[in-house]
Amino acid sequence: MSVEMRGFLKLTVRAVSCIPRRLYSGGRPPAPLGGRILTNPDEIFQHNMWDHVQWTEEETEKARQKAEDNSKEKIPVEEQSKYDTEAHKYWDRFYEMHQRKFFKNRTWLYIEFPELFPPDAAGMCSPEQGPGSEVDSCSESGIREKQQPCGSSTLTSDMDTFPGQHAAFRILEVGCGAGNSVFPIISTIGGSKVFLYCCDFSSRAIELIQEHPDYDPAVCHAFVRDICDTTSPFPFPPESLDIILVVFVLSAIHPARRAQDVVKGLAGLLKPGGIMLFRDYGRYDLSQLRFKKGQCLSENFYTRQDGTCVYFFTKDEVHHLFSNAGLEEIQNLEDRRLQVNRGKKVVMHRVWMQSKYRKPYLIPASV
Ligand SMILES: C[S@@+](CC[C@H](N)C(=O)[O-])C[C@H]1O[C@@H](n2cnc3c(N)ncnc32)[C@H](O)[C@@H]1O
């Protein structure tokens, strides 16, 4: 191992010493965010990924400088608007080229987001447990809270019928792509009273979902929808959703011009007590630092060679985005990992954001 690598690892290993004790158990993965902690630098190449890696000031500064460097040359303003107005075309081309093969199935979904399938989802809304009845659940803070999972018959809506109207628990995934979360969810909710909606503004992505052999309209409704369009109705009433899954999609949307309105619009679809589950790229992730000069649209917002865009969030930005939409924080974490290429003996820092925000039962008057 090189001297430089040893120094880097010493810093990294020392920096994880403040991880809560329960995360040292060695078992994998105690949610949230895994429990494989690197405590001995000599073991670095024994796994492909190490969890809860904290950065030293030196590492942060180096990353900041790299990002500053690759953002120096911005794409001229007159060329920028096409990445916004034609975004769906770039993503259509992406799915035409990669089909279903680019993203991996989100196998961590139910580990990190157990809210997707509450313990009683299989048998909710029995006649005895009608609308308004409450089910105890345990929040991450350990405080017992009341949830109201049986929402279908409490809906007040102008819609006579809509897909999933008889479901007791409704999930929407926005920016679902070719279904890397959709199909793990479908395989779990069969036979339960959970219904999944999923949308994307790429019609090609939605075709790929609808053509998939596991697509089942009895439990899922996939539709084309631009979530930046905050005026057209959704195929279900407002305040009818228990969960909205927002996974690697807000980063594709202009951070300053659009993201806040998108989150506010989505918040209107949640029932009181409903939860938004978010996972996306974090500031100074490897994929940000790899951008070359000339691909930057604005601070921490870039376009890739294929015309798709990506923003890199901080914890504070995520917090403001969701709390400005009237939602309450349940979780807002930075997921910092060390990704190891064991063949090439290379280590890379990954940073993702993972957050959960709940719509309160009473919305503050100021929102
Ligand atoms: C990085 S991919 C993630 C796909 C999927 N969520 C996953 O995790 O595999 C981003 C997705 O967001 C979709 N997307 C981007 N902007 C959107 C918008 N304004 N409305 C709807 N979908 C959008 C893209 O078409 C693409 O499928």
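A residue is near a molecule or strand if its C-beta atom, placed from the backbone, lies within 6 Å of it. On that basis, 20 residues surround the ligand, and the closest are Trp91, Gly175, Gly177, Asn180 and Phe201. The model is predicted: local features need pLDDT of at least 70, side-chain atom pairs count only at pLDDT 80 or more, and totals for chains, interfaces and linings use all residues. Residues are numbered from 1 along each chain as its sequence is written.

**Ligand shell**
- The shell around the ligand comprises 13 nonpolar, five polar and two charged residues (nonpolar: Ala, Val, Leu, Ile, Met, Phe, Trp, Tyr, Cys and Pro; charged: Asp, Glu, Lys and Arg; polar: the others, Gly among them).

**Overall fold**
- The protein chain has 10 helices and 13 strands, taken as DSSP runs numbered from the N terminus (helices H or I, at least four residues; strands E, at least two).
- Among contacts with a separation of 6 or more, 73% join residues 24 or more positions apart (contact: C-beta atoms, placed from the backbone, within 7 Å).

**Nonpolar cores**
- The largest nonpolar core holds 77 residues, and Leu196, Ile244, Val246 and Met276 have the most contacts inside it (a core is a set of buried Ala, Val, Leu, Ile, Met, Phe, Trp, Tyr and Cys residues joined through C-beta atoms within 7 Å).
- Another core, of five residues, lies apart from it and includes Leu38, Ile44, Trp50 and Leu338.

**Valine 219**
- Valine 219 belongs to the loop between α7 (203–211) and β6 (220–224).
- Valine 219 is buried because 21 other C-beta atoms lie within 10 Å.
- Beyond four places in sequence, valine 219 is in contact with Ile186, Ile189, Gly190, Phe195 and Leu196.

**Helix α10**
- In helix α10 (residues 315–323), the buried residues are Val318, Leu321 and Phe322.
- These residues cover an arc of only 85 degrees around the axis, so they lie on the same side of α10 (the arc is that of the directions from the helix axis to the C-beta atoms).
- The buried residues of α10 pack against α8 (259–267), β8 (270–281), β12 (328–341) and β13 (346–358).

**Confidence**
- The mean pLDDT (the predictor's confidence in each residue, from 0 to 100) of the protein chain is 84, and 81% of its residues reach 70 or more.
- Over residues 124–154 the pLDDT is below 50.

Key
A residue is buried if 20 or more other C-beta atoms lie within 10 Å of its own, exposed if 12 or fewer, and partly exposed in between; C-beta atoms are placed from the backbone. Two residues are in contact if their C-beta atoms, placed from the backbone, lie within 7 Å.
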